[in-house]
Amino acid sequence: MTYFPLMLNLRDRPVLLIAGGPETGTKLQALLEAQAQVTVLAEEDHWNLADLAKEGRIRWLPRGYREGDLEGFFLVVSHPRDKGIHPQVKAEAERRRVFLVAVDDPENATAILPAVVRRGELVVALSTSGAAPALAVRLKERFLRLLGPEYGELVAYLRHLRPRIAEIPCFEERKRLWYRLVDLALEELDLDPEAGLTRAKEKVEEVLAEVQPWTR
């Protein structure tokens, strides 16, 4: 199966989590970190749901899925104890044109959750298209070793440069400069992950000082 990779902005979007499976806590935490408006369907509270509801961080309905529960939601993540409900959930999701993440059940899903590496604003998503989730997890572990915290710091620094470089009127000039700066920074990080970012910033500023007055 071929998937179209996409990253969603879920901030303040209504998301339904049908809970109960062993990874419920992980899925809930990811949705909260994305600042979604989360409604949780769960007959039992094994994930601090009552406290989260009192704090206003989620809406908790202490029951299982019922027909009609998907109305008004932007996204549904379904990880119940019994995956037997997924065909019914999928049928409703199709009628309502809502994307459904059916955890560990790709045949009934219209979207899947990748393994994710986060370093600040740097996000790397890994997926085996539902074929081998364990492999995606192991690859994530490798990327975590490869991409240290310094890469998140690099992204933050490059974001800081955007207004200066945006002043360059010519797109091709901006493009060439961006790749020059990024290649320079990556070269320094490859040479020394710990001290490379400091040296990269120094060299980037030297390049910017050389180009034209609009970068100052």
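**Labels and the values behind them**

Biologist: Why are helix 5 and helix 7 called roughly parallel to each other?

Modeller: Helix 5 (residues 149–166) and helix 7 (residues 196–210) pack at an angle of about 15 degrees, and angles under 35 degrees count as roughly parallel, over 145 as roughly antiparallel, 65 to 115 as roughly perpendicular and the rest as oblique. The two helices are therefore roughly parallel to each other. Their axes are 11 Å apart, and the crossing is right-handed. Do keep in mind that this is a predicted model, in which local features need pLDDT of at least 70 and side-chain atom pairs count only at pLDDT 80 or more, while totals for chains, interfaces and linings use all residues. Residues are numbered from 1 along each chain as its sequence is written, and side-chain values use heavy atoms, with hydrogens and water left out.

Biologist: Which residues of helix 5 and helix 7 meet?

Modeller: From helix 5 come Glu150, Glu153, Leu154, Tyr157, Leu161, Arg164 and Ile165, and from helix 7 Leu197, Lys201, Val204, Glu205 and Leu208. Contact here means heavy atoms within 4.5 Å. By class, this contact has seven nonpolar, no polar and five charged residues.

Biologist: What makes Leu186 partly exposed?

Modeller: The relative accessible area of Leu186 is 31%, and partly exposed lies between buried (under 20%) and exposed (over 50%), using a 1.4 Å probe and protein chains only. Leu186 therefore counts as partly exposed. Leu186 lies in helix 6 (residues 171–191) and touches Tyr151 and Leu154, not counting residues up to four places away in sequence.

Biologist: Which residues have the most contacts inside the largest nonpolar core?

Modeller: They are Leu154, Leu161, Ile165, Leu177, Leu181, Val204 and Leu208, in a core of 23 residues. Such a core is a set of buried Ala, Val, Leu, Ile, Met, Phe, Trp, Tyr and Cys residues joined through side-chain atoms within 4.5 Å. Helix 5 gives the largest share, six residues.

Biologist: Why does Arg97 count as exposed?

Modeller: Its relative accessibility is 79%, so Arg97 counts as exposed. Arg97 sits in the loop between helix 3 (86–96) and strand 5 (99–102), with a positive phi of about 55 degrees although it is not a glycine.

Biologist: And is Asp12 buried or exposed?

Modeller: Asp12 is exposed, at 51% relative accessibility. Asp12 is found in the segment before strand 1 (14–18), and its phi is near 65 degrees, a positive value in a residue other than glycine. Helices (H or I, at least four residues) and strands (E, at least two) are DSSP runs, numbered from the N terminus.

Technical notes: Axes fitted to C-alpha atoms, helices over the stretch in contact; angles between N-to-C directions. Left-handed = near helix turned anticlockwise from the far one by under 90°. Nonpolar A, V, L, I, M, F, W, Y, C, P; charged D, E, K, R; others polar.
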